[in-house]
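Hi,

Here is the structure I promised to pass on. Have a look at it first, and then read on for my notes.

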Amino acid sequence: MQPRVVILGGGFAGLYAARAFAHAPVDLVVVDRTNHHLFQPLLYQAATAVLAPSDIAAPIRWLLRRQRNTSVVLGEVTRIDLATRTIALDGEPGTLSYDFLLVATGARHAYFGHPEWERVAPGLKTIADALEIRRRFLLAFERAEWAPTAAERDALLTFVVVGGGPTGVELAGMIPPTSSRNLWREFRHADTRKTRVILLEGGPRLLPAMPESLSAETKRELEALGVEVRLNALVTGVAGGEVSIGDERIAAGTIFWAAGNAASPLGAQLGVPLERGGRIRPHPDLSLPGHPEVFVAGDLCIVDQDGRTVPAVAPAAMQQGTRAARNIIRSILGQPREPFHYVDKGDLATIGRHRAVASFLQGRVRIRGYLAWWFWLFLHIVYLAGFRNRASVLLQWGYAYFTYQRGARVLGAQPPSGVSGQVPGTAPPP
């Protein structure tokens, strides 16, 4: 009987690990609470109505359909029992046993001890998050069109993005061209060209993982787009229609959160000390201390290399998932395991049309502008899962590039229950 390997999570780490087992002598089971693998680097484009969610997601079963040794389970993990090597699920099959386990359940956005802020300022990690952000984004303009006073209209046309990492920068950079070029001819009472976008970063610079020169370039490019960039601006409060920075209050109809990550709560069930953000520090081979049959990878994992922490980005997750899988295979074959070594392929961030920055070879090679933007487009197309998604994204990008229009601007009939994102004193959303 072949050893059973269970992978928890169908993100980058889990998917690339699963692919590494394609021809291995194992019984592989992949568990995820959704049925799809999500290409998170483009999630902000789904949130700002450039792409449809289906353009950046693909069913896990379809991606692994040719692997005859692989089964997929749709379910939520409720308990990991290391002593009995079993996993409890919220549905069928109920319980899974394993010989080797890879936990790659990712992370969610963190609110630094203020979970109540999430209702007002949604983060961006899942398709559900993107749909909620897109709903609030489009609804802000609809409500501004019929705001009873100029002050309320100005508040509704003010967007605050909290967090100056790649997600915050890319999200903030998408709003001004959409409001000033895509929408302004469609509204009769609200001048969408007067949309105000404020990007708040608690640290001294944007994109802290990049060289300082590219951080400064990013700030200049965002300001050229009309984004107000505020550095060293620690958010102390978030309420309906308002963001607080110390004693200062900013009236904003829409607030988006991109300021931090918290690892999956499943990490707390693995019986080892948790480090910042709830992450786990494994052995060099990515196995769990005290449990050589359990591995961690992706955003749940924290690894240091050459005096630096390996960044929690998609390329690192892919490499960790692949290395963990290969070490499991080596263990099954009686071969020694190999330590994980991160190959830094560089950092990329897009700021807007023809605006991007890129850093390679640990900052020794830096590019910006047109070249970085085209390079960003190429790499994201290459890494998208499935030909259908690549073709669809290319078509949508081409449409947006030549027409300055967005192809996914559809609002649902009504917002999710109990969520309004409404500015005090304004009418509720339709």
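Predicted model: local features only at pLDDT ≥ 70, side-chain atom pairs only at ≥ 80, totals over all residues.

Let me start with the cavities: the structure holds two of 30 Å³ or more. A cavity here is a set of points, on a 1 Å grid over the protein atoms alone, where a 1.4 Å probe fits but cannot get out. Grid points are joined across faces, edges and corners, and a volume is the space filled by probe spheres set on the points.

Residues are numbered from 1 along each chain as its sequence is written, and side-chain values use heavy atoms, with hydrogens and water left out.

Back to the second largest cavity, which contains about 30 Å³ of space. Its lining (residues with an atom within 4 Å of a point) consists of R279, G298, D299, C301, V310, P311, A312, V313, A316, A317 and Q320. By class that makes seven nonpolar, two polar and two charged residues, where Ala, Val, Leu, Ile, Met, Phe, Trp, Tyr, Cys and Pro count as nonpolar, Asp, Glu, Lys and Arg as charged, and the others, Gly among them, as polar.

One of those lining residues is A312, which sits in the loop between β22 (308–309) and α8. Helices (H or I, at least four residues) and strands (E, at least two) are DSSP runs, numbered from the N terminus. A312 is partly exposed, at 44% relative accessible area; buried means under 20%, exposed over 50% and partly exposed in between, with a 1.4 Å probe and protein chains only. Beyond its neighbours within four places in sequence, A312 is in contact (heavy atoms within 4.5 Å) with R279 and D299.

α8 (314–332) turns up again around helix α1 (residues 12–20). In α1, the residues F12, A13, G14, L15, A17 and A18 are buried. They pack against β1 (4–8), β2 (27–32), β3 (36–38), α3 (60–63) and β9 (100–103) as well as α8.

Axes are lines fitted to C-alpha atoms, for helices over the stretch in contact, and angles run from 0 to 180 degrees between N-to-C directions. β24 (residues 355–360) and β25 pair over four bridges, and V357 has R368 in β25 as its bridge partner.

Another open sheet of three strands runs β6-β7-β8, also antiparallel. Its edge strands are β6 (77–81) and β8 (95–97), and the twist averages 20° from one strand to the next. β6 pairs with β7 (residues 86–89) over four bridges, and D81 stands opposite T86.

Last, which residues does R409 touch, not counting those up to four places away in sequence? They are A49, L138, N182, L183 and E186. R409 and A49 are 360 residues apart in sequence but 5.3 Å apart in space, C-alpha to C-alpha. R409 lies in the segment after α10 (387–403) and is partly exposed, with a relative accessible area of 28%.

Cheers

Notes: Pairing = 2+ DSSP bridges. 1 Å grid on protein atoms, 1.4 Å probe; cavity = no way out; pocket = protein on both sides within 12 Å on 5 of 7 lines; lining within 4 Å.
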